[in-house]
Amino acid sequence: MIAGLTLTLQIAPAAAQAGVAGPVKLVVLGDSLSAGYGLPAPAAFPVRLQKALNDKGIAVEMINAGVSGDTTSGGLGRLDWSVPEGTQGVILELGANDALRGTDPKVPRAALTEIIKRLQARKIAVLLCGMLAPPNYGPDYAQKFNSIYPDLAKEFGVPLYPFFLEGVAGNTALALPDGMHPTAEGVDIVVKNILPSVEAFLSTLARQPS
């Protein structure tokens, strides 16, 4: 289910000094990795990310639009109602389920392309989070799948965070019993690692005309 959780942070003095007029409206469009599968709601990635930003005096309104089991095609199908009017930026985290299913890389490439096109047409900025294919489909599949994200980042001029699960993937101590989804501690590591990229992303939004 969509978490549908809107998180509002108060504008802090540091944010005001940086010239931010008000909270930045963000959506995390993703699958179970960002939705918080198997975790209490307060431990989900968007909640922990907003806290980390709040601790730095950065004000955001963040919507957790993560759906467990979602594919890139699924994200495209629900894009219009998952990203409401007024959204300024989207953290796009999709593709893990395509890779796990061995979906032809042409499919997620096309879906992510259309998602980015539609968001840019709406003047919504995108931070693209990369995924890596599991090794069981072989190096040819991995090369074709893994190249989707840097290719699209270059094509559309959007910032790329190369691998969403950097620092967590492969570490069983940071995974739930299914071996795939991060624990609460794992989520905090994801947040810590991606935070500089999100801060840089938000700084570009702050410079954009309203």
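The legends below walk through an overview and several close-up views of this predicted model.

**Figure 1. The whole chain at a glance.** This is a predicted model in which local features need pLDDT of at least 70 and side-chain atom pairs count only at pLDDT 80 or more, while totals for chains, interfaces and linings use all residues. Residues are numbered from 1 along each chain as its sequence is written, and side-chain values use heavy atoms, leaving out hydrogens and water. The chain has ten helices and six strands (DSSP runs numbered from the N terminus: helices are H or I of at least four residues, strands E of at least two). Of its 210 residues, 50% count as buried (buried is under 20% relative accessible area, exposed over 50%, partly exposed in between, with a 1.4 Å probe and protein chains only). The accessible surface comes to about 9700 Å², and 57% of that belongs to carbon and sulfur atoms (Shrake-Rupley method, 1.4 Å probe; for residues, only the protein chains shown count as cover). Among contacts with a separation of 6 or more, 79% join residues 24 or more positions apart (contact means heavy atoms within 4.5 Å).

**Figure 2. The buried side of helix H8.** In H8 (residues 138-146), look for Gly138, Tyr141, Ala142 and Phe145, the buried residues. They sit on the same side of H8 because they cover an arc of only 100 degrees around the axis (the arc is that of the directions from the helix axis to the C-beta atoms). As a reminder, an α-helix has 3.6 residues a turn, so residues three or four places apart point the same way. The buried residues of H8 pack against helix H6 (96-100), helix H7 (106-121) and helix H9 (148-156).

**Figure 3. Where H8 meets H9.** The two helices pack at an angle of about 25 degrees, with their axes 5 Å apart (axes are lines fitted to C-alpha atoms, for helices over the stretch in contact, and angles run from 0 to 180 degrees between N-to-C directions). H8 and H9 are therefore roughly parallel to each other (angles under 35 degrees count as roughly parallel). On the H8 side you will find Lys144, Phe145 and Asn146, which meet Ile148, Tyr149 and Pro150 in H9.

**Figure 4. Aspartate 70 and its surroundings.** Aspartate 70 lies in the loop between strand E3 (60-66) and helix H4 (72-77). With a relative accessible area of 9%, aspartate 70 is buried. Leaving aside neighbours within four places in sequence, aspartate 70 is in contact with Gly30, Asp31, Gly75, Arg78, Leu94 and Asn97.

Figure 5. Proline 42 is found in the loop between helix H2 (32-35) and H3, and counts as exposed at 54% relative accessibility. Beyond neighbours within four places in sequence, proline 42 is in contact with Val47 and Arg48. Alanine 184 is 142 residues away from proline 42 in sequence, yet their C-alpha atoms are 9.3 Å apart. In H3 (residues 45-55), the buried residues include Phe45, Val47 and Leu49. Just after H3, glycine 57 takes a positive phi of about 80 degrees.

Figure 6. Lysine 123, in the loop between H7 and strand E5 (125-129), has a phi near 65 degrees, a positive value in a residue other than glycine. Lysine 123 counts as exposed at 70% relative accessibility. Asparagine 171, in the loop between strand E6 (160-161) and helix H10 (184-206), is partly exposed at 33%.

Technical notes:
Parallel < 35°, antiparallel > 145°, perpendicular 65-115°, else oblique.
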